[in-house]
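Let's take a friendly walk through a protein model together. Have a look at the picture first, and then we will go through some of its parts.

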Amino acid sequence: GDILDDYLRTDGVWILTRNKQFYKTNNEKECAEKCEAERNFNCRAFLFTRKKLQCLTLAENAKMTVTFNSTDAVLYEKKIYLLQCKKGIGKDYRGTEAKTRRGIPCQKWAEKTPHNPNYTPEKHPSAGLDENYCRNPDGDESGPWCYTTDPATRFDYCNIPECESQCMQCNGEDYHGEVSRTESGLECQRWDAQEPHMHGFTLKHFPEKDLKMNYCRNPDGELRPWCFTTSPTKRWEYCNIPHCTIHPPVSGLGSQCLSGKGEDYRGRIAITESGNACQHWNTQFPHRHGWIPDRYPCKGLEENYCRNPDGEKRPWCYTTSSIRWEYCAIPHCDGTEQGIVGMSNAPVQVSLSEECYRGKGQSYRGTTSITASGKKCQAWNSMFPHRHEKTPDRFPNADLRDNYCRNPDGDNSPWCFTTDPSMTWEYCNLKRCDDHTQE
């Protein structure tokens, strides 16, 4: 296969790294070959710039350091260093588990205390003996292990999940396994309990999400299954459930027209309803976002085609203009035109009471869902990308519908949580009704 198949690609991202080497290469494949041949350090990723044809091999990946925007750069991360499960005896396990099955921290492979090791990075340079991560350099039948920091215990095995056992497809929305501990080892809170954490994820409100016992689930389109924890100081955490290596059969090609909310739309329209071109999903310019195709393999985020990965009203895309995102005009499967502004010549009049608010806006019931800086609002019943307690359940009189701007808590004006992971909430793009500049 292609050498790049072993890497996870993200466009428009640069990562800050201490250990790196510069090379001049003609393309990404040549850069990958430099990464494979790197002898100065364990190459976990590489950066390639298209204009300068510059290649940087890196000792760190995005899990280990900070990332920021860089229009021309493409980041390739070795998948083996992102995988947190083992295949067979785990001889090629390169995850970051660093404690034994009894919870004792591992000793660094390069150190000689409290135990003098037989297996060191110098003696076994290709065994991945980095830091104090669990490894299996000797092909032990019981799987990855490490020297421990307990002087009384020379070594012990690590608790690494098997890749094919309890695995998940896509982002684990259909995961029905029985893992009930978070990735840091905390026990999950039962879904039908409201202690120690109150929440709106009940079987009554999400009957189709299989919220059984205290098993890890993904009811809200997160990156992977999660749960509320039984620790009062940690509200929620992801669970460590590996991806299945055997993929399910692809069912159909997806719809080429709009039915329902268009979550299964896989057509090639790539322009918004106002005529703006769509931004490619695998780029972070001009708008930075979290919908990276490799992270959401089953959402159909190809090229710059309109899609509905988050259960919006209909397919949408980020635009290549200053407008962050817009809906797309997709023809209905039953042949009727989509009822949107701009499809008829008559301007649609929206009553002023719906476009402005009175007082602090606690009575505002309009449909604005954009913040003052142009960010899209997060749906009130969603916990992604921000987990919160302002749910329709807890504020039944606040009309917390869809992702419309509201003021459930008596703030200065209507607001919402945003879909930008870096900004939790913001006031909305609304004026007070007594502000004449609005008219």
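## A sheet of five strands

Two strands count as paired if DSSP finds at least two bridges between them. Keep that in mind as you look at this predicted model, starting with an open sheet of five strands in the order β1-β5-β3-β4-β2, paired in antiparallel fashion. Strands β1 (7–15) and β2 (20–24) sit at the edges with a single partner strand each, so one side of each has no neighbour in the sheet. On average, neighbouring strands here are turned by 25 degrees against each other, direction ignored.

Strand β2 is joined to β4 (residues 54–58) by five bridges, and the two run antiparallel. In this pairing, Tyr23 stands opposite Cys55 of β4. As background, strands of a sheet pair through backbone hydrogen bonds, either parallel or antiparallel.

## A helix across the sheet

Which strands does helix α1 lie across? Helix α1, made of residues 28–37, lies across β1, β2, β3 (45–49), β4 and β5 (67–78). Its direction is at about 150 degrees to that of β3.

## The Kringle spans

The unreviewed UniProt entry carries the annotation "domain: Kringle" for residues 84–163, 166–244, 256–333 and 355–433. Take residues 256–333: this span is 0% helix and 8% strand, and its end C-alpha atoms are 8 Å apart. For residues 355–433, the model has 1% helix and 13% strand, with end C-alpha atoms 8 Å apart.

## A closer look at Asn276

Asn276 is found in the loop between β9 (236–238) and β10 (316–318). Is Asn276 buried or exposed? Buried means under 20% relative accessible area, so Asn276, at 19%, counts as buried.

The side chain of Asn276 makes a polar contact of 3.1 Å with the side chain of Glu326, and another of 3.5 Å with the side chain of Ser274. Beyond its neighbours within four places in sequence, Asn276 touches several residues, including Ala270, Ile271, Thr319 and Ile323.

## How confident is the prediction?

The average pLDDT of the chain is 84, and 91% of the residues score at least 70. Among the elements, strand β6 (residues 145–147) has the highest mean pLDDT, 96, while helix α2 (residues 352–355) has the lowest, 47.

Two stretches call for care. Residues 248–252 have pLDDT below 50, with one contact in the model beyond near neighbours in sequence. Residues 336–354 are also below 50, with 20 such contacts. Where pLDDT is low, the predicted coordinates should not be read in detail.

Definitions and conventions:
Residues are numbered from 1 along each chain as its sequence is written. This is a predicted model: local features need pLDDT of at least 70, side-chain atom pairs count only at pLDDT 80 or more; totals for chains, interfaces and linings use all residues. Side-chain values use heavy atoms; hydrogens and water are left out. Helices (H or I, at least four residues) and strands (E, at least two) are DSSP runs, numbered from the N terminus. Axes are lines fitted to C-alpha atoms, for helices over the stretch in contact, and angles run from 0 to 180 degrees between N-to-C directions. Contact means heavy atoms within 4.5 Å. pLDDT is the predictor's confidence in each residue, from 0 to 100. UniProt positions are given in the numbering used here, feature names are shortened, and annotations may be inferred rather than shown by experiment. Buried means under 20% relative accessible area, exposed over 50%, partly exposed in between (1.4 Å probe, protein chains only). A polar contact is a pair of N or O atoms within 3.5 Å; within protein, one must be able to donate a hydrogen and the other to accept it, and residues adjacent in sequence count only if both atoms are side-chain atoms.
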